[in-house]
Amino acid sequence: MNQKHLQHLYSRAGFGLSYNDYSKLNKEPKSKIISGLFSNAEKWIPLLVDVSELKALSASKKMNAKNSMTKMSAKDKRDLTKKSQQKIKELNYAWIKRLEQTNAILNEKMTLFWTNTFVCKDNNILHIMQYNNTLRKHALGNFRDFVKAIAREPSMSKYLNNKQNVKKNPNENFARELMELFTLGIDNYTENDIKEAARAFTGWSFNENGGYKLRKKQHDYGIKTFLGKTGDFNGDAIIDIILEQENCARFICRKLYSYFVNPKINEERINELTSIFFKNYDIKALMLHVFSSDWFYAEEHIGVKIKSPIELLVGIQKIVPVTFQKEKQLLFLQKMMGQTLLNPPNVAGWKGDKNWIDSNTLLFRLKLPSLLLNNAVINLEEKGEFEDRFETYYKKEKKKKQYLKVTKSWIDFDKEYGTLSVNELKVLLIVSKIDKDTEQLLSHLALTNNRDFLIQLMSIPEYQLC
Amino acid sequence: MKRRDFLKQSTLASSLFFVPSFVKAFEDVTKETLGFKKLVIIQLSGGNDGLNTVVPYRNDIYYRNRPEISIAKNDIIKVTDDLGLNINLRPLKNLLDKGYLSIINNVGYPNPIRSHFRSTDIWQTASHSNQYLNTGWLGRYIDSYGKKPHSGIEIDDSLSLILKGENINGIATKNPAILNRNVQTPFFKKILEKQTPEHLSEHNLGYLYKTMIEASSSAKYIYETSKTFKTKLEYPNNPFGKQLKTTAEFINSNIESKVYYVSMGGYDTHANQKNKQSKLLDIYSKSIAVFVNDLEQNNTFKDTLIVTFSEFGRRLKQNAAKGTDHGAANNVFIIGKNLNKPGFYNEAPNLLDLDNNNDIKYSIDFRSIYATVLEKWLKVNDETILNSSFKKLDFI
């Protein structure tokens with residue numbers, strides 16, 4: 001496989017190609033490289049943070065409440081939420097570390113994709129961690145099982161109010177987003193379809209351990225008419241009927257194409273992918289087709305996607321591993337660039353591509369390599385949260401000159417990249433075309449070592465693309 | 001470049017900025033014929049409790065639902081027979097007496113959402129409650145009028161959805177010197193100086209270069225223009241006062257920016273609300289008073305309209321923690337020199353007719369306020385910006 005194509009594959013199926021990967025793979029045939037990505041993906045493991053302390057605390061507070069025959073006090077609840085939110089931050093850090101280090105990169109990249117399709121958010125670490133791993137589990141599995149699984153997740157049930165969806169008073173929120181954002185896309189169903197689907201999901205709930213539970217008394221067992229069919233449908237039947245629509249396969253293929261191939265849609269390719277996916281909704285088969293096709297490697301697709309903030313951040317860390325001494329600063333970086341994992345803006349998710357970029361985010365993104373690797377000063381502050389008190393909302397004001405407190409593994413970099421020529425490093429780092437003037441500028445820099453050159457390469461606009 | 005130089009250059013400010021000739025060409029695109037009118041949008045983030053801000057002090061239902069947090073009759077600045085202002089809004093009462101303040105009650109939208117994030121999105125994008133838009137209403141305004149990042153400024157370090165457009169986004173800064181310093185790093189400059197117009201045709205790469213060029217020219221413009229004016233007044237010494245001071249310096253230096261967005265945090269008062277909100281309203285109204293004064297002294301107040309909103313109001317019934325939970329309709333403050341209807345623009349909230357969450361119902365769609373501001377103040381076509389037609393009001 002030629003180097004450009006290998007880089008392209010690895011920047012879309014993962015977070016870029018390291019030199020070690022390159023040396024290992026460049027003699028291999030395409031089919032072997034691709035099947036390697038998939039077999040590594042199968043070795044995914046769940047992402048977990050230690051929640052034993054939180055569980056114990058929660059149990060003891062419940063016990064106290066039970067003993068005194070009262071409900072848990074508001075303060076106890078707040079304490080638990082606070083602890084839980086702290087754990088969610090830990091999960092965020094662990095996730096980013098995972099992206100940097102995992103061998104199952106394709107599975108993780110797919111998980112990120114699904115995170116932004118089945119968008120969900122929760123304050124409860126136990127539930128959101130379970131949700132996150134459900135995404136991992138089905139990332140390359142069968143789409144039918146996948147949708148049915150997320151419809152049963154406690155976090156989803158809460159996020160889209162299915163918990164409040166009961167026979168007497170149906171709540172349409174989940175049914176609506178299931179169709180509009182998760183499966184069919186707008187205009188492929190009616191308001192009445194939403195109402196009927198909502199009835200089918202009434203009573204879908206969860207038990208204390210995060211498992212699915214049907215609250216039978218709240219479930220509407222009646223006859224529903226949905227997308228032209230009539231029957232005593234439950235939620236699973238609704239999902240099956242949705243998947244009978246070719247539009248469902250098409251909707252997912254479009255999303256997938258713009259994420260993995262090109263934000264500019266090519267309808268012919270969408271038709272091709274739809275016909276494959278519609279057969280049995282096998283996600284792995286679809287992705288295998290994408291990566292194996294010749295058109296995936298066409299010039300027009302290489303280096304034309306704007307990296308998401310996470311792709312940018314992880315990409316840099318894969319070249320020079322960085323350890324954060326103040327993990328909070330990792331959240332700061334995500335916030336300033338507009339993508340904090342586990343904290344999507346709304347159920348529609350991040351818009352991606354050009355929407356990542358405005359004057360402020362671009363300036364920040366261009367400075368990111370200097371912040372991470374060159375002790376550049378942080379002179380900007382993150383926004384406060386809605387829930388913050390006035391003083392906290394603006395608290396970042398007070399801190400004066402700040403740097404990222406990170407340990408950089410330059411030694412690892414030197415080992416892997418130290419002996420490469422300037423040109424080799426450039427070709428390896430930048431997949432997009434390089435602007436002629438910038439190219440000229442690069443060639444005229446007086447270079448002393450590869451570390452400096454690396455930072456400079458990462459600071460040109462082209463590095464923002466993958 | 002030596003490592004030490006690069007370090008120095010990527011972290012330190014430096015001297016003059018050379019503008020490549022084609023960047024100039026970019027900047028000289030025929031200036032839109034825009035009026036002098038400025039619009040300042042202030043969000044009280046977190047959901048301000050409107051009922052303890054504009055108090056229905058003769059309404060028993062109000063007192064019955066808030067045994068611990070209601071504002072006593074003698075702690076109120078009476079305005080009409082039904083409504084009064086929170087005692088901490090004395091400076092606003094002065095504005096009201098001068099005819100500079102109009103309060104619109106019961107502003108909201110159908111099927112209100114009680115999540116901060118979502119409801120803020122709705123207010124910022126002017127969407128329906130079940131619609132997700134990528135662009136903010138002020139962003140769409142600069143998309144059509146102004147067309148430069150600095151046409152719309154957020155007084156913060158990162159940009160909110162309200163100022164994101166389809167083709168052009170506003171720019172955020174609370175310190176123009178720092179913003180400018182961030183585009184003045186030598187490596188960044190070098191890349192820009194080298195540029196010839198060729199790359200601009202390339203799809204996303206062209207977009208990145210274009211954004212870089214616009215960002216640096218807007219940063220430079222904002223910095224160099226705004227530094228020509230330094231305010232002589234003393235603003236309250238807190239971050240919100242500072243945000244308004246910066247806004248006044250922009251407006252009074254005659255910068256061509258038209259729309260400004262400021263977010264003031266702290267209003268999510270679920271517990272022990274009374275003291276917290278008192279303090280917030282005190283900070284808000286004192287800062288606003290200086291701001292208006294500053295504009296008046298520089299003869300720019302007549303051309304500035306200040307609109308204050310919050311993503312939702314709060315529930316009539318207090319909660320067990322002496323606070324209030326997320327609600328629905330709320331009041332909006334309009335501050336300006338030539339208002340049609342100073343004082344209360346419309347009826348007080350009807351506490352007998354609540355929605356099924358026991359929250360205040362809306363009678364005025366917030367997008368009617370936007371439509372009115374766009375058409376009557378900024379003098380542009382409101383329907384193209386709001387993608388829909390909303391009834392105009394006559395507060396201006």
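Helix H5 of chain B (residues 116-125) is largely enclosed by the rest of the structure, because 7 of its 10 residues are buried. Buried means that 20 or more other C-beta atoms lie within 10 Å of the residue's own; exposed means 12 or fewer, partly exposed is in between, and C-beta atoms are placed from the backbone. Helices (H or I, at least four residues) and strands (E, at least two) are DSSP runs, numbered from the N terminus. The buried residues of H5(B) are B:Ser119, B:Thr120, B:Asp121, B:Ile122, B:Trp123, B:Gln124 and B:Thr125. They pack against helix H6 (137-144), strand E9 (304-309) and helix H12 (366-377) of chain B. After H5(B) comes B:Ala126, with a positive phi near 65°.

This is a predicted model: local features need pLDDT of at least 70, side-chain atom pairs count only at pLDDT 80 or more, and totals for chains, interfaces and linings use all residues. Residues are numbered from 1 along each chain as its sequence is written, and chains are lettered from A and ligands numbered from 1 in the order in which they are written.

The model scores ipTM 0.92 and pTM 0.90. pLDDT is the predictor's confidence in each residue, from 0 to 100. Its mean over chain B is 90, and 90% of the residues of chain B reach 70 or more. Residues 1-34 of chain B have pLDDT below 50; beyond near neighbours in sequence, this stretch has 46 contacts in the model. Where pLDDT is low, the predicted coordinates should not be read in detail.

Chain B holds 13 helices and 12 strands. Of its 396 residues, 53% count as buried. Two residues are in contact if their C-beta atoms, placed from the backbone, lie within 7 Å. Among contacts in chain B with a separation of 6 or more, 72% join residues 24 or more positions apart.

Next, the core. A nonpolar core is a set of buried Ala, Val, Leu, Ile, Met, Phe, Trp, Tyr and Cys residues joined through C-beta atoms within 7 Å. The largest one has 225 residues; B:Ile104, B:Leu138, B:Tyr260, B:Ile335, B:Tyr370 and B:Val373 touch the most other members. Helix H9 (residues 203-226) of chain B gives the most to this core, with 10 residues. Leaving aside neighbours within four places in sequence, the contacts of B:Ile104 include B:Asn331, B:Tyr345 and B:Phe395.

The contact between the chains takes 56 residues from chain B and 57 residues from chain A. H9(B) gives the most to the side of chain B that touches chain A, with 11 residues. The table divides that side by residue class.

| Class | Residues on the side of chain B that touches chain A |
|---|---|
| Nonpolar (Ala, Val, Leu, Ile, Met, Phe, Trp, Tyr, Cys and Pro) | 24 residues |
| Polar (the others, Gly among them) | 19 residues |

Two strands pair if DSSP finds at least two bridges between them. E3(B) and E4 (residues 83-86) of chain B pair over 3 bridges. B:Lys78 stands opposite B:Gly84 in E4(B).

In chain A, A:Asn26 lies in the loop between helix H2 (19-25) and helix H3 (30-41). A:Asn26 counts as partly exposed, because it has 13 C-beta neighbours inside 10 Å. Not counting residues up to four places away in sequence, A:Asn26 touches A:Gln3 and A:Leu6.
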